[in-house]
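Dear colleague,

I am handing over the structure that we talked about, with the sequence alongside. Please have both open while you read the notes that follow.

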Amino acid sequence: MTNQSVWMHIGAGSFHRAHQAWYLHKLREQGDDSWSIALGNIRNDAAPLLKQLAAQEGEYVLETVTPDGERAYETITSLRKILPWDSNISALVEQGAKSETRVIGFTVTEAGYYLTPEFELDLTQPDVQADVKGDIRTIYGALARILTQRVANGGAPVTLLNCDNLRHNGERFRHGFLAFLTAKGDNALANWVRENTTSPNTMVDRITPRPTPDVAERVKAATGKEDGASVMAESFIQWVIEDDFIAGRPALEKVGVELVESVLPWEEAKIRILNATHAAIAWAGTLIGLNYIDDSTRQPAIYQLAYDYVTQDVMPSLSPSPLDLADYRDVVLARFSNPYIKDTNQRVGADGLSKIPGMVTPTLRECYQRGAEPAATAVLPALFFLFLQRWASDDLPYTYQDGVLQADALRQQFSRSDALNAFLSDSALFGELAQDKAFHALVTRSVADLQLWLKQPERMLAAV
Ligand SMILES: NC(=O)c1ccc[n+]([C@@H]2O[C@H](COP(=O)([O-])OP(=O)(O)OC[C@H]3O[C@@H](n4cnc5c(N)ncnc54)[C@H](O)[C@@H]3O)[C@@H](O)[C@H]2O)c1
Ligand SMILES: OC[C@@H](O)C(O)[C@H](O)CO
């Protein structure tokens, strides 16, 4: 074992640079430079950024902003290797096959796991089908290629660390990956993965908008640096990880990471109270013509629907909890209201087709199971339906991004008079509830209430 260990990260989006890279940077600042990051991407959309980062020797400035608008600037130094993109992901394969790579982390979005509401791999997805045949479009195809080479090079154990917003993200990824390898007929690699990798669950948190040109301008004004890879985020940061690293890990506890036995209470609170609410606010804000999350959250009717969803339906589902859920809710809503973040409804409302089954359907299901009508949660799919209706009539002010969107089929669905029924009958969104008449009636009522509200958005929804 050399002293130098590499965390190879797949997914060169904004979030990785504001979160995992920041923690490893803080460790280096404390004099522990035994871990560094090698960063690459599966898809070519990050190729320009990777080139820019390579030109800056991996360094970039992170701007953070507090709820009071106080800004701070740090040069992040943990990215020591930038892996250039090519269609065979050669650089990722070469780095991932080395035994010095002891952790392979990834952020490939919620839609990047292609799971059904029952959390099984959706083998009907074209990207998954292509990768089963040997292509590299998904995290599954990419890791199959990388780990095959790693086994050929001696097969040193490695931790596969999901850093995306997914409930039970390590477990769910692992289940999907093993199902993928089985579909591919690669039982030898599946067995190797079972024996030689771990996939701890993690909860990651830091609101990181897509950087706009004014970030680079402020960075230049504050630091004098011309930085083509700067990123901005809120000052809040949190990372909770199950301590199950098969090949060692950075001393993350020294920089504030919580290493726990089970991440469950944190991830449930994060996914349901933060992420599901965030998406609902983005869809609602968009429907009344707003672009930003903070402006949308400050609309009393939108704030109230978010507050009611958490209070009436999520908190009973998650109680008892070691977290103070009411406080968590209030802090989250305050973070969303931060006027200095300027996060867009476009970014946060994306990937709804994965967010509904992953983040909302479990609460609907659990309310019914305990005999409660999930009236406040029903507002979320109702908002998403109205949002998709706008998308289908080309009436959104921005491009809707969704990794599992099959646009032609969905447009056709929305051109029919029974579009709401078809939406609610989609078991990929609602699992067994898709067949439940009471659920259909509840969301249909909620859609009607929202349609009235949209005529007078200043009115409180409950008063409609
Ligand atoms: N931005 C945040 O506030 C934030 C906070 C916590 C967690 N996250 C998690 O990180 C993810 C990425 O956020 P970001 O801000 O970096 O987004 P981003 O849009 O900046 O980057 C997305 C990255 O995912 C890749 N990607 C997209 N779809 C993919 C697919 N199907 N397969 C493989 N790669 C794919 C893209 O190439 C890109 O590298 C989020 O979806 C979320 O799960 C983000
Ligand atoms: O809800 C959207 C997410 O990207 C969110 O910004 C993040 O999960 C905050 O940690």
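**Strands β6 and its partners**

F106 stands opposite N162 in strand β7, where two strands count as paired if DSSP finds at least two bridges between them. Strand β7 (residues 158-162) runs parallel to β6 and is joined to it by four bridges; strands here are DSSP runs of E with at least two residues, helices are runs of H or I with at least four, and both are numbered from the N terminus. Strand β1 (residues 5-10) also runs parallel to β6, with five bridges between them, and H9 has G105 in β6 as its bridge partner. Strand β6 (residues 101-106) is largely enclosed by the rest of the structure, because six of its six residues are buried, buried meaning under 20% relative accessible area, exposed over 50%, and partly exposed in between, with a 1.4 Å probe and protein chains only.

Before going on, please keep in mind that this is a predicted model, in which local features need pLDDT of at least 70 and side-chain atom pairs count only at pLDDT 80 or more, while totals for chains, interfaces and linings use all residues. Residues are numbered from 1 along each chain as its sequence is written, chains are lettered from A and ligands numbered from 1 in the order in which they are written, and side-chain values use heavy atoms, with hydrogens and water left out.

**Ligand 1**

Ligand 1 is surrounded by 24 residues, the closest being N41, D45, E110, D164 and T208, where a residue is near a molecule or strand if one of its heavy atoms lies within 4 Å of it. Its polar contacts (pairs of N or O atoms within 3.5 Å; within protein, one must be able to donate a hydrogen and the other to accept it, and residues adjacent in sequence count only if both atoms are side-chain atoms) include one between an oxygen atom of the ligand and a backbone N or O atom of F15, at 2.9 Å. A polar side-chain atom of N41 lies 2.6 Å from an oxygen atom of ligand 1, and one of R43 lies 3.1 Å from a nitrogen atom of ligand 1. On its own, ligand 1 has 830 Å² of accessible area, of which the protein covers 88% (Shrake-Rupley method with a 1.4 Å probe; for residues, only the protein chains shown count as cover).

**Ligand 2 and K270**

Around ligand 2 are N165, D205, R206, I207, K270, L274, N275, H278 and R347. Oxygen atoms of ligand 2 lie 2.8 Å from a polar side-chain atom of N165, 2.8 Å from a side-chain N or O atom of K270 and 2.8 Å from a polar side-chain atom of N275. Taken alone, ligand 2 exposes 300 Å², and the protein buries 91% of that.

K270 belongs to helix α10 (residues 264-287) and counts as buried, because its relative accessible area is 3%. A polar atom of the K270 side chain also lies 2.7 Å from the backbone oxygen of V204.

Residues 8-254 are 36% helix and 21% strand, whereas residues 263-449 are 71% helix and 0% strand.

The structure holds zero disulfides, a disulfide being a pair of cysteine sulfur atoms within 2.5 Å.

With best regards
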